[in-house]
Amino acid sequence: MSDSYVLISTDSHAGLPAEGYRDYIDAEYREAFDAAQEEAEAMRQLAENDEHRSFLAEWNAEIGHHGGMKGAYDPAVRTKEMDHDGVAAEVVFPDADSAGVGGVAKTPFAAGLGSTGDDDAEMTLAGAWAHNRWIAEFCQDSPERRAGVAIVPLHDVAAAVKMIEWSADHGLRGGIMIPTKWGALPSYNDPVYDPVWAAASATGLPVHTHSGVGPDPDDYGYTPGLIAIYATEAYWWAARPLWALILGGVFERHPALKYVVAENGAWWTPDIVSRMDSKWEGHHATRKFGPAAFRAGLTMKPGDYFRRNCFMAASVMGDVEVDRRHEIGVGNLMWGSDYPHPEGTWPNTRPWLAERFGRVPQEDVRQILGLTAAEVYGFDLDALAPHVDRVGPTVADIHGSER
């Protein structure tokens, strides 16, 4: 056994080119799928400008000899790039192309990262089924290394439960991804979703919200600072279900439920958890509402539910997450490469790890880079050991030869 780190990415992405997805769409939706793809391509071309073309040229030059975007759907290319980066295993979300790079399509009918409760229920469900069928097949290549995440819309609770059970039966142990925004649907603290949380608990599948969705189109429109405002507050939309689930008593009613916030940083969690705890304890500012408003349905402090049930797949975490790791919870914090998104660490993960974690004690690094993820997602460490020994980053790689 080597001293190599078990490196598990809790945030990577996969998806097919449009013509590939067509085979997984139910026949009655293929005409609508073709029309949607034509519209998506027209929108992509409309968004082209000199700055974006310059970015694409730079990015494609960087990843070209790494197979470009083929790793989004070709398991051989993907495995080669995992080895290159030292990644032993991964949790695989949809929507490999987040920046108009091309070569792969978004999840059919936009059922993936950008989906909300306001979307068309029938078409979103059709798109989710298409992706889930494909990702279940895709993850059968090297199943010990891949944990696929199923997309589960929540417009129809009974249909969602059926999809969760199907996902568990088909090996999608990466869990389920629900829409980050509930939109016009009931909020996630509503007991109407209890059958969903019960099914996720019974199957052991973690529930995810993943960043990627923004405000409604009529919120701030095409105004100065649009992109900067979106990028600054993007975390909030994926974070909001965290306190809805905790304060709504979901983890009290479903103590075995695992909830993961993906690609959203974690710098903000100590502050919001501290704020919830202070209100549960009866801080002076809560007098006018009374203690019942902050304790109803909760037998523990909000922070206790966070530490027991919640995990942060903080992906390409910054120094702020590393510095605050003990406030966040070393056992609640997980790393991810965000492969193959340009804002991720691929294809430069190894030097990135050394820069970010070189000064951090090995025990903490091992937990954040892989051991917590192995427990949350049920990766078999014995099955991963040959891959870790072969490609995993060593102690010297991350901390230098003097450690």
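In which loop does P340 lie? Select P340 and you land in the loop between β8 (333-334) and α15. (Helices, H or I runs of at least four residues, and strands, E runs of at least two, come from DSSP and are numbered from the N terminus.)

A word on the ground rules before moving on. You are looking at a predicted model, where local features need pLDDT of at least 70 and side-chain atom pairs count only at pLDDT 80 or more, while totals for chains, interfaces and linings use all residues. Residues are numbered from 1 along each chain as its sequence is written, and side-chain values use heavy atoms, with hydrogens and water left out.

**Stop 1: two cis prolines**

Stay on P340 and show the backbone. The peptide bond from Y339 to P340 is cis, with omega near -5 degrees. Now slide along to P347, which also lies in the loop between β8 and α15.

**Stop 2: positive phi**

Next, pick A110, in the loop between β2 and α5. A110 is not a glycine, yet its phi is positive, at about 50 degrees. With a relative accessible area of 47%, A110 is partly exposed. (Buried means under 20% relative accessible area, exposed over 50%, and partly exposed in between, using a 1.4 Å probe and protein chains only.) Then jump to S142, in the loop between α5 and β3 (146-151). S142 has a positive phi as well, near 55 degrees. Why flag these spots? Most residues other than glycine have a negative phi, and most peptide bonds are trans.

**Stop 3: the nonpolar cores**

Time to go inside. Select W197, M317, W335, F357, L369 and F379: these have the most contacts inside the largest nonpolar core, which has 106 residues. (Such a core is a set of buried Ala, Val, Leu, Ile, Met, Phe, Trp, Tyr and Cys residues joined through side-chain atoms within 4.5 Å.) Colour helix α5 (residues 121-138) to see the largest share of this core, 8 residues. A second, separate core of 10 residues includes W59, V101, V104 and W346.

Now centre on L369. Not counting residues up to four places away in sequence, L369 touches Y5, V6, L7, I8, W335, L353, F357 and I398. (Contact here means heavy atoms within 4.5 Å.)

**Stop 4: E90**

Which residue's side chain makes a polar contact with that of E90? Zoom in and you will find R78, at 2.7 Å. (A polar contact is a pair of N or O atoms within 3.5 Å; within protein, one must be able to donate a hydrogen and the other to accept it, and residues adjacent in sequence count only if both atoms are side-chain atoms.) E90 is found in strand β2 (residues 89-93), and counts as buried at 2% relative accessibility. Leaving out residues up to four places away in sequence, the residues that E90 touches include I8, M82, R145, R146 and F379.

**Stop 5: helix α17**

Show α17 (residues 381-391), where L384, A385, H387, V388 and V391 are buried. Among the elements covering those buried residues are β1 (8-13), α4 (75-85), β2 and α15 (349-357). At the start of α17, look for D380: one of its side-chain oxygens reaches to within 2.9 Å of the backbone nitrogen of D382.

**Stop 6: α6 against α7**

Bring up helix α6 (residues 157-169) and helix α7 (residues 194-203). They pack at an angle of about 10 degrees, with their axes 9 Å apart. (Axes are lines fitted to C-alpha atoms, for helices over the stretch in contact, and angles run from 0 to 180 degrees between N-to-C directions.) So α6 and α7 are roughly parallel to each other. (That label is for angles under 35 degrees; over 145 counts as roughly antiparallel, 65 to 115 as roughly perpendicular and the rest as oblique.) On the α6 side, V157, A160, V161, I164 and A168 make the contact, and on the α7 side P195, V196, A199, A200 and T203.

Click A168 before you leave: A168 is partly exposed, with a relative accessible area of 31%. Beyond its neighbours up to four places away in sequence, A168 touches T203 and L205.

**Last stop: Y259**

Is Y259 buried or exposed? At 1% relative accessibility, Y259 counts as buried. Y259 is found in strand β6 (residues 259-262). Setting aside neighbours within four places in sequence, its contacts include V207, H208, P241, F251 and F311.
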